[in-house]
Amino acid sequence: MLTLRGSGPRRGSSLSNLDLIEDGALLVREGVISAVGTRGQVEALPEARAAEKLNLGGRVALPGFVDSHTHLVHAASRAEEYELKIQGASYEEIARKGGGILNSVKKLRAATSEDLKKRALAALKQFAAHGTTTVEAKSGYGLDVASELKILKLHKELAAEQPLEIASTFLGAHVVPEEFRNKKAGGAKRYIQLLEENLLPAVAEHKLAEFCDVFCDRGAFSVAESKCVLQSGRQWGLAPRMHAEQLSRTGATRLAVLLRAASCDHLEQVNASDISALAKSNTVATLLPGCDFHLGLKKYAPARALIDAGAIVALATDYNPGTSPTLSMPMILSLACTQLRMTPAEAITAATINAAYSLRREKLIGSLEVGKQADLAVFEVADYREIPYYFGVNHCWMTLKRGRVIHAAQDSRN
Ligand SMILES: [Zn+2]
């Protein structure tokens, strides 16, 4: 059992500390962990005598994955663009032709809440089947008042109607929508005004999000524009997060640190000064290798330099139809090991406790310790290193959320 117990987010060499207990056990009461130790220790507790027993059969158990960056609600895949990209078109070329994010916006605006919900529910089931117990979800494919609120309301409904926990993020500043793009329509400036005057107040009034995110990059929003949006978000009680330095280096990371953002995500193009700024901050550096893998890019984020400098590194899927259509955290761990040169232990830490910090839920999730939720992923492997070692196969045997089994592999039912 990998407990990941300890205090504070993991930096540097402490990312390797999984606090592994051989033949470990947990005692759970009303979904909350009330004891952690070896099986002998836990079974000897008087409270354990009457407890219902769940035998994990010597498999590897760890905290459920915390997927801290997803674009959960979207209407359709973009398989047609995938083919174009393979034939040589760049992500930005496709975006200029009305593909990319704007393509997803068109489809989302046309979709009914019912259809969007059905798709998201199916995805959440798959997240759970791969060991994930908490999912962050961003809006950002609506880009008008009604459609953005449609997505955020769905986050709330989904959180209430299925077992996975959902952290909702408002990403109205994903890109400038088509109808604002010409000069007469006012461009980014006029769109940001709409976000500030119409959307943010509604999001806050109905408590539809905890975080405000901005895609700060070439072809999206500038550092100055991002600052306006994130500061307005904060005034409405939303903590900042950012998409930063993915396609180009803009200085977004420095802004994230300055605003004490909860998380700064992507980071493929960061330079040495960005790395040292992150290392000195409490802003989590969230890496999304699924994105570079799917786009066939050679340049991944410099995970080793970030860890060695002391940044709080997390990993997430970036589940979205354009650049990272995966909801498998084990696959992300495989990529983190082979492409980012993280060790299996570092990757597991980044996908659990450090990701919990990025969602400001570290007191509830991300490790197996007394007082936290009994959120667990159990893998059909003999050694935790086999979780990233096998790729493209799902070895998740059982997933528990707040002590309840929410996924069980076929063979675990008999
Ligand atoms: Zn993203």
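Start by selecting helix H7, residues 187-205, and keep in mind that this is a predicted model. Show its side chains and look for the buried ones: Gly187, Ala188, Tyr191, Ile192, Leu194, Leu195, Leu199, Leu200, Pro201, Ala202 and Val203. As you check their spacing, remember that in an α-helix residues three or four places apart point the same way, because there are 3.6 residues a turn.

What covers the buried residues of H7? Color helix H6 (145-161), strand S6 (165-173) and helix H8 (223-235), which are among the elements doing the covering.

Now put a distance line between the end C-alpha atoms of H7. Step just past the helix to lysine 207, where phi is positive, at about 50 degrees.

Next, go back to the stretch between H6 and S6 and pick proline 163, which sits in that loop. Is proline 163 buried or partly exposed? With a relative accessible area of 33%, proline 163 is partly exposed. Leaving aside residues up to four places away in sequence, proline 163 touches Lys401, Arg402 and Ile406. Select threonine 133 as well: its C-alpha is 8.2 Å from that of proline 163, though the two are 30 residues apart in sequence.

Time for the metal. Select the zinc ion and bring up His69, His71, His243 and Asp318, which coordinate it at 2.1 to 2.6 Å.

Finally, zoom out to the whole protein chain, with its 16 helices and 14 strands. The radius of gyration is 21 Å, close to the 22 Å that the globule rule gives for 414 residues, so the chain is as compact as a globular protein of that length. Its C-alpha atoms fill a box of roughly 75 × 45 × 45 Å along the principal axes. Color by accessibility and you'll find that 59% of the 414 residues count as buried. As for contacts between residues at least 6 apart in sequence, 70% join residues at least 24 apart.

Note on methods. Residues are numbered from 1 along each chain as its sequence is written. This is a predicted model: local features need pLDDT of at least 70, side-chain atom pairs count only at pLDDT 80 or more; totals for chains, interfaces and linings use all residues. Side-chain values use heavy atoms; hydrogens and water are left out. Helices (H or I, at least four residues) and strands (E, at least two) are DSSP runs, numbered from the N terminus. The expected span of a helix is 1.5 Å times one less than its number of residues. Buried means under 20% relative accessible area, exposed over 50%, partly exposed in between (1.4 Å probe, protein chains only). Contact means heavy atoms within 4.5 Å. Donors are N, O and S atoms within 2.8 Å of the metal (3.2 Å for Na, K and Ca); water is not among the atoms, so sites may look incomplete. The radius of gyration is taken over C-alpha atoms; the globule rule is 2.2 Å times the number of residues to the power 0.38.
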